[in-house]
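Subject: A structure for you to look at

Hi there,

Here is the structure I promised to pass on to you. Please open it beside this email and follow along as you read.

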Amino acid sequence: LQKISSESRSLASESKVLDTEVKKRELEVRRLSLAVSRAELDIGRKNSGISDTIKRIDKNQEALSASLFLLHLYDQESMLVTLFKNKSLSEFFTTVNNVQRTEANIDDKLNELRDDKKNLEDDKAELEDFKSEQENLRALQEVERRFLSQKKKEKEDLLRLTRGKESTFQQLLSGKKKDIKRIVVQNQKML
């Protein structure tokens, strides 16, 4: 009876250990799910930032193209022709000033374009690293899910295998209690 009782206690403790392990694994799966969700949001933000940079690059390329075309038109005429083409010396200097502003604008747009392209490359590399980390998180989450289902199966198997022994234990226990009561009743009759 003591052997069966200690076996029942150890089965109960094993069941509690498995319950604790299952709960711990469920929490870990939830934590990983939240981390994956957060990573997906971050990837969305990074993709949006990359799209914005691409739009800015396209806009700068268009502005650069227009400025280069304008500079090309100014370069088609010599300074002497430009001087005679304008009605006054003031108009000539305005034209020269426009050419200088166009050249400065081209320099600015080229610098912005270089910076944006470098930032775009950096952002894309960072995004790839981030996606790789997310894939690792998903793989870890899948491992945790498998481990969780394994622990649940172990618990189900333990309960299935011990269910019959527990009922046998309860039958023996009730039989022993009846025997004890019978002995007590007989002892009382003798007295």
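Below is what I found in it, starting with the overall picture and then moving to single residues.

**The overall picture**

Please keep in mind that this is a predicted model. The mean pLDDT of the protein is 81, and 80% of the residues score at least 70. Which element has the lowest mean pLDDT, and which the highest? Helix α2 (residues 79-85) has the lowest, at 77, while α1 has the highest, at 82.

Helix α1 covers residues 2-75, and helix α3 covers residues 89-190.

Of the 191 residues in the protein, 21% are buried. The protein exposes about 14,400 Å², and carbon and sulfur atoms supply 54% of that area. Now take the contacts in the protein with a separation of 6 or more: 90% of them are between residues 24 or more positions apart.

**The nonpolar core**

How many residues make up the largest nonpolar core? There are 12 in all, among them Ala39, Ile57, Leu71, Val99, Ile106 and Phe130. Both α1 and α3 supply at least two residues each to this core.

Leucine 71 touches Val99, Thr102, Glu103 and Ile106, once residues up to four places away in sequence are set aside. Alanine 39 lies in helix α1. Is alanine 39 buried or exposed? Its relative accessible area is 6%, which is under the 20% cut-off, so alanine 39 counts as buried. Beyond its neighbours within four places in sequence, alanine 39 is in contact with Phe130 and Gln134. Alanine 39 and glutamine 134 are 95 residues apart along the chain, yet their C-alpha atoms are separated by 6.4 Å.

Leucine 137, in helix α3, is 105 residues from leucine 32 in sequence and 6.8 Å from it in space, C-alpha to C-alpha. Leucine 137 touches Leu32, Ala35 and Val36, not counting residues up to four places away in sequence. With a relative accessible area of 24%, leucine 137 is partly exposed.

Glutamate 103 also lies in helix α3. Between glutamate 103 and serine 67 there are 7.8 Å in space, C-alpha to C-alpha, and 36 residues in sequence. Glutamate 103 counts as partly exposed, at 38% relative accessibility.

Aspartate 116 lies in helix α3 and counts as buried, at 7% relative accessibility. What is aspartate 116 in contact with, leaving aside its neighbours within four places in sequence? The partners are Thr53, Arg56, Ile57 and Asn60; Ile57 also belongs to the largest nonpolar core.

Threonine 95 is found in helix α3 too. Threonine 95 is buried, with a relative accessible area of 17%. With neighbours within four places in sequence left out, threonine 95 is in contact with Tyr74, Thr82 and Asn86.

**The rings**

A search of the whole structure turns up 1 aromatic pair. The pair is phenylalanine 92 and phenylalanine 93, with ring centres 5.4 Å apart. Why is this pair called edge-to-face? The ring planes are at 65 degrees, and planes over 60 degrees apart count as edge-to-face, so the pair gets that name. Phenylalanine 92 is buried, with a relative accessible area of 10%, whereas phenylalanine 93 is partly exposed, at 49%.

One other ring deserves a look. Lysine 46 lies over the face of phenylalanine 130, at 5.3 Å from the ring centre. You have met phenylalanine 130 already, as a member of the largest nonpolar core and as a contact of alanine 39.

Best wishes

Terms used: Residues numbered from 1 in each chain as written. Predicted model: local features only at pLDDT ≥ 70, side-chain atom pairs only at ≥ 80, totals over all residues. Heavy atoms only, no water. Helix = DSSP H or I, 4+ residues; strand = E, 2+ residues; numbered from the N terminus. Buried < 20%, exposed > 50% of the residue type's maximum accessible area, 1.4 Å probe, protein only. Contact = heavy atoms within 4.5 Å. Phe/Tyr/Trp six-rings, centres within 6.5 Å; stacked < 30°, edge-to-face > 60°. Lys NZ or Arg CZ within 6 Å of the ring centre and 35° of its normal. Core = buried A, V, L, I, M, F, W, Y, C linked by side-chain atoms within 4.5 Å. Areas by Shrake-Rupley, 256 points an atom, 1.4 Å probe, with all protein chains shown as cover. pLDDT = per-residue confidence, 0-100.
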